[in-house]
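Below are my notes on the model you sent, as numbered points.

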Protein chains: 2
Amino acid sequence: MMIEYFKGIMGAGFDSESVVLEPKLLKFAKGEVLVKAGDTDPVFYFLIKGIVEVSIPGEKEWIYDFFFPNSVLAAYSSLLTGKPSKITIAAIEDCVVEAYDWTALQKQYKTSLGANQMGRFITEQIFLLRSKREIDFLSKSAEQRYEELIQSQPDLILNIPVHRIARYLGIHPESLSRIRKKMNS
Amino acid sequence: MMIEYFKGIMGAGFDSESVVLEPKLLKFAKGEVLVKAGDTDPVFYFLIKGIVEVSIPGEKEWIYDFFFPNSVLAAYSSLLTGKPSKITIAAIEDCVVEAYDWTALQKQYKTSLGANQMGRFITEQIFLLRSKREIDFLSKSAEQRYEELIQSQPDLILNIPVHRIARYLGIHPESLSRIRKKMNS
């Protein structure tokens, strides 16, 4: 599924034939955890069905992001550095994923053109996502960010409780209620 | 220089022979701009000498980062998306850089194992940097971030005016003065 998906969006230059990976198909029920903060398991996932939430636990729990099907799910900093994950990835709907062995991918990186093309492309996409979120945080108000969120991810509003969205925006639930009232008036 | 540098840190698996790029050696005097917000030039740099500052211009100018020798300098989101750069990269000391043609690298990505290995590695490093900064912003106080900064980059304090460091930390210069007084007392 993952390699087929990237074949569709990376175009003709992608040497997909040289990517040899054997994922396992797994199911996670709503509420189950795929990656827990503190974990160091060398594994990453490709989301086929469902929605996951990525959070940073702590005194003031922070919701880092939500992911929908056709997303790569990973504690990527942890995989790259070997240090324990700072994030938790949890299913907020019943999920179906492909599970990939990170160590097998590292071996492929030594010789496979396609594996490197795909790894580079995925890393570029992850970078673009984080970079956009960082710049948005620095340069846009919570209200602007909420407006953009409901435009780009209308599903989010239908499927995720308001207090979780507030944590994603980095504001109090009451502030989000005020923003929503203002927008609807 | 850049390829030699990555050969040193990427280890034996890196097929550097298959990377064929022809950089130009350029100098930028202190105060000169390498990339300006709004630019779409398909070029990136490798810093050999000097220090650069990456900022996001606007009502409340934001300093995104400082870079020292052996760093790749790029409006990377802009290169990846083709959209105008949101950031400005400026020399804050006299700089010597290698300038690389982004379009030539894209061509290499179609066939060269080494180019993809290097592109993947650079993107991973940029991701790790941005990710650390994002999580630090969400989870640490300005005081903690300042302490870590002077430990990891003591040069920064010697070479960069206090009000620029305050903008990097996202606080008022007066707040930084208070933090510094507190630390020295």
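1. Arg164(B) and Glu53(B) form a salt bridge in which the closest N and O atoms are 2.6 Å apart. The term salt bridge here means a side-chain nitrogen of Lys or Arg within 4 Å of a carboxyl oxygen of Asp or Glu. Arg164(B) sits in helix α7 of chain B and Glu53(B) in strand β4 of chain B, so the pair ties together parts that are 111 residues apart in sequence. Both ends are buried: Arg164(B) has a relative accessible area of 17%, and Glu53(B) has one of 7%. Buried means under 20% relative accessible area, exposed over 50%, and partly exposed in between (1.4 Å probe, protein chains only).

2. On the basis of these values: this is a predicted model, in which local features need pLDDT of at least 70 and side-chain atom pairs count only at pLDDT 80 or more, while totals for chains, interfaces and linings use all residues. Residues are numbered from 1 along each chain as its sequence is written, chains are lettered from A and ligands numbered from 1 in the order in which they are written, and side-chain values use heavy atoms, with hydrogens and water left out.

3. Helices (H or I, at least four residues) and strands (E, at least two) are DSSP runs, numbered from the N terminus. His163(B), also in α7 (residues 162-169) of chain B, is partly exposed, with a relative accessible area of 42%. The C-alpha atoms of His163(B) and Pro173(B) are separated by 5.3 Å, although the two are 10 residues apart along the chain. Just after α7(B), Gly170(B) takes a positive phi of about 80 degrees.

4. A second pair in chain B joins Arg130(B) to Asp65(B), again by a salt bridge, with the closest N and O atoms 2.9 Å apart. This pair also links distant parts of the chain, with Arg130(B) in helix α4 and Asp65(B) in strand β5, 65 residues apart. Arg130(B) is buried at a relative accessible area of 4%, and Asp65(B) is buried at 8%.

5. Which residues does Arg130(A) touch, leaving aside its neighbours within four places in sequence? They are Tyr64(A), Asp65(A), Phe127(B) and Glu134(B), where contact means heavy atoms within 4.5 Å. Arg130(A) belongs to helix α4 of chain A and is buried, with a relative accessible area of 4%. Its side chain is joined to that of Asp65(A) by a polar contact of 2.9 Å. A polar contact is a pair of N or O atoms within 3.5 Å; within protein, one must be able to donate a hydrogen and the other to accept it, and residues adjacent in sequence count only if both atoms are side-chain atoms.

6. Lys132(B) is partly exposed at 43% relative accessible area, whereas Asp136(B) counts as buried at 9%. In chain A, Lys132(A), Asp136(A), Lys140(A) and Glu148(A) are linked in a network of salt bridges. Over all chains the structure holds 16 salt bridges.

7. How many salt bridges are there between chain A and chain B? The count is 0. There are 6 residue pairs in polar contact between the chains, both residues at pLDDT 80 or more. The largest share of the side of chain A that touches chain B, 16 residues, comes from α4(A).

8. The two chains bury about 3,000 Å² between them, 69% of it on carbon and sulfur atoms. Arg120(A), Phe127(A) and Glu134(A) supply 22% of the area that chain A buries against chain B, more than any other three residues. Buried area is the accessible area (1.4 Å probe) that two parts lose on being put together, summed over both.

9. Chain A can be laid on chain B with an RMSD of 0.0 Å by a turn of 180 degrees and a shift of 0.0 Å along the axis. That is the relation of a two-fold axis. Copies are superposed by least squares on the C-alpha atoms of residues with pLDDT of at least 70 in both. The same surface serves both copies, since 100% of the contact residues of chain A recur in chain B.
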